[in-house]
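I set out to look up how the parts of this model pack against one another. My entries follow in the order in which I made them.

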Amino acid sequence: MNIRTLFLSVGLCVLAAPAFAQDAGQAPAGAQPVEVPNLEDEGLVGTVTDESAWQDLGIAIPAFATNSNQPTAANAQGTGALGLELGRVVYNDLRNNGLFRPVGPDALPRPAYPEITAPTWGAWQGRSAEMLVQGYVRANADGGLTVGCYLYDVQLQQELVREGWVVTAADWRRAAHKCADLVYSRLSGESPFFDSKIAYIAETGPKGNRVKRLAIMDSDGANHRFITNGQATALTPRYSPDYSKIVYLSYLNGYPRIFVYDIGTGRQTLVTESQNPTMAPRWSPDGKWILYSMATGGNTDIYRVSASGGGTSQRLTDTPGIDIGGSYSPDGSKIVFESDRSGSQQIYVMDADGGNQRRISFFGGRAATPEWSPRGDQIAFTHIAGDLRVAVMSPSGGGMRYLTNNWQDEAPTWAPNGRIVQFFRTAPNSGETSIWQVDLTGRNERRLNTPVGASDPAWGPVLP
Amino acid sequence: MNKTAIAVTLASALALSACSKKAPEELPPPPQTTTPTPSGPPPQTGPIPGSQAHFAQAMQGRDTIYFDTDQYNIDPEDQAALRQQAQYMQQYADIRATIEGHADERGTREYNLALGERRATAARNYLVSLGISPDRLNTVSYGKERPIALGSDQASWARNRRAVTVILN
């Protein structure tokens, strides 16, 4: 095979792809796939049946190469330096999430541009790397970037998968996340999750006078941005499935109300015009419905309303007590929610129209904030028995299992692929909050880097 | 303050000391606007009658009622405090009030918002039962977001599970 030709053909394909529209708005730009993955080889997927087997894979991720060092808005030193950063993002995605045994670009020689499609096998075998991730970055005439990503099996001396993306310079990290997703998906058989965002509440100030602001960031903490200025307390955000809106609670006019915030326009609207307090907003998986909870005369019930606005709210629960929250099953047919109708907070499931309400949590203590896994097979929740801990159970309430053990962990949110749970942890006395994540095995618990205190994480889906 | 109010004050003070099972171990500090005053009629000078500062001073801590964990019932001690609040509102018939409901930190955020609303509503309903027009009373819940006692211990949590009546000036 003529590597040069192969590479050029990839390049031509990339150039032929329509340039991605540069959206002046705030809406997240999509990374445009310019090449379908090479599905020729299915060998490795067939052998990956045990998590521990793929977790042990040694993966070398050297700096991405560039055809020539060109200026780019993504890096002051040009595409050469950007290539190193791309490799680092891929490496950190895998390393920080406890995936594989990656070795990053700062500990590896940098392949030259022609080597990207023709790895120097001997050099990588000598480093006991079983897998090799190579990539390139090129500056395009329109200011955008083309990023290619290749995964090789070093032992087989074979390419497993490749993909390329055209992104705006501002979106360069997304190309690296796409590459990490490609590697992770190909080797684990799981769905991708790195190219996604998190909405959360940034907390500053002392416990008795804490400022709570709506904020957003990428799944790795990059591109952090405060949305609200902190004058009104903000709580419990949720990204819409298309990332165009955030629904959250604000004390904007002195009282707790749910607002729908449009990220592109910066405008926000009340989810309902009612004078009653509204809380605990959620999106349906298709983005067509918003769930919210509303207190009337001290009695809180769950309602749904069309997300397009202007519709009439439909009440889904009507028992005395506090019915609150709610999380749709991935197919949208059911809702898991929290109710104290039995005397204490417990978890219930109902049909999406409110029918067939039944309790599923029967293991002592209290159970709160249920969130249905995007895979559908698990429900994450907060278990309260003195301490607050994050736990999972099946949708029928079986197999309850703790994921964390700390003084106060609450409000789990799922990674888009249902393999990792984020939550927030409160420290006793100081009340300082931080966002943590843990994988479904209860391992790889780690704190996310946020500029200030952080609570109420809400992980959105994988970007298109 | 008239004689009846003083009597109620004394009675509820006795009740407080006699059955403080769920009351905080130590009474909350008086609101910052209050200057410590000996028992007896309020001074002729000071906060404007009918203002929040005057109300807080006159209530001597009974602008706030406390709840057991996860509870929102109005017990006899709360009733005495609310009666005193109602008398004040009857004396100053044009004032309005907000009842702020709170929860301690040992619960989930959203549930505590609903719980705070339930506590504030329980206090409001009791005031309405004593003849205060519902039009003069509204509620707001802060859940666990605005603790007044900052420790992570039973005494602090007891002080934070509260409903506070605040006069709208």
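**Helix packing.** I began with helix α4 (residues 79-96) and helix α6 (residues 172-188) of chain A, which pack at an angle of about 45° with their axes 9 Å apart. Axes are lines fitted to C-alpha atoms, for helices over the stretch in contact, and angles run from 0 to 180 degrees between N-to-C directions. Helices (H or I, at least four residues) and strands (E, at least two) are DSSP runs, numbered from the N terminus. I therefore recorded α4(A) and α6(A) as oblique to each other; angles under 35 degrees count as roughly parallel, over 145 as roughly antiparallel, 65 to 115 as roughly perpendicular and the rest as oblique. The crossing of α4(A) and α6(A) is right-handed, that is, the near helix is turned clockwise from the far one by less than a right angle.

I then listed the contact residues: α4(A) contributes A:L82, A:L86, A:V89, A:V90, A:D93 and A:L94, and α6(A) contributes A:W172, A:R173, A:A175, A:A176, A:H177, A:C179, A:A180 and A:Y184. Two residues are in contact if their C-beta atoms, placed from the backbone, lie within 7 Å. By class, this helix contact holds eleven nonpolar, one polar and two charged residues. Ala, Val, Leu, Ile, Met, Phe, Trp, Tyr, Cys and Pro count as nonpolar, Asp, Glu, Lys and Arg as charged, and the others, Gly among them, as polar.

**Basis.** The model is predicted: local features need pLDDT of at least 70, side-chain atom pairs count only at pLDDT 80 or more, and totals for chains, interfaces and linings use all residues. Residues are numbered from 1 along each chain as its sequence is written, while chains are lettered from A and ligands numbered from 1 in the order in which they are written.

**Domains.** Chain A is divided into domain 1 (3-188) and domain 2 (197-459), with bounds from an automatic or database domain assignment. I found ten residues of domain 1 in contact with 13 residues of domain 2 in chain A. On the domain 1 side, α4(A) gives the most, with three residues. That side divides into two nonpolar, six polar and two charged residues.

**Chain interface.** I noted 32 residues of chain A in contact with 21 residues of chain B. Elements giving two or more residues to the chain A side include β11 (234-239), β19 (323-328) and β27 (409-414). The chain A side has 13 nonpolar, 15 polar and four charged residues.

**Sheet.** β19(A) also belongs to an open sheet of four strands, ordered β19-β20-β21-β22 with antiparallel pairing.

Methods: Two strands pair if DSSP finds at least two bridges between them.
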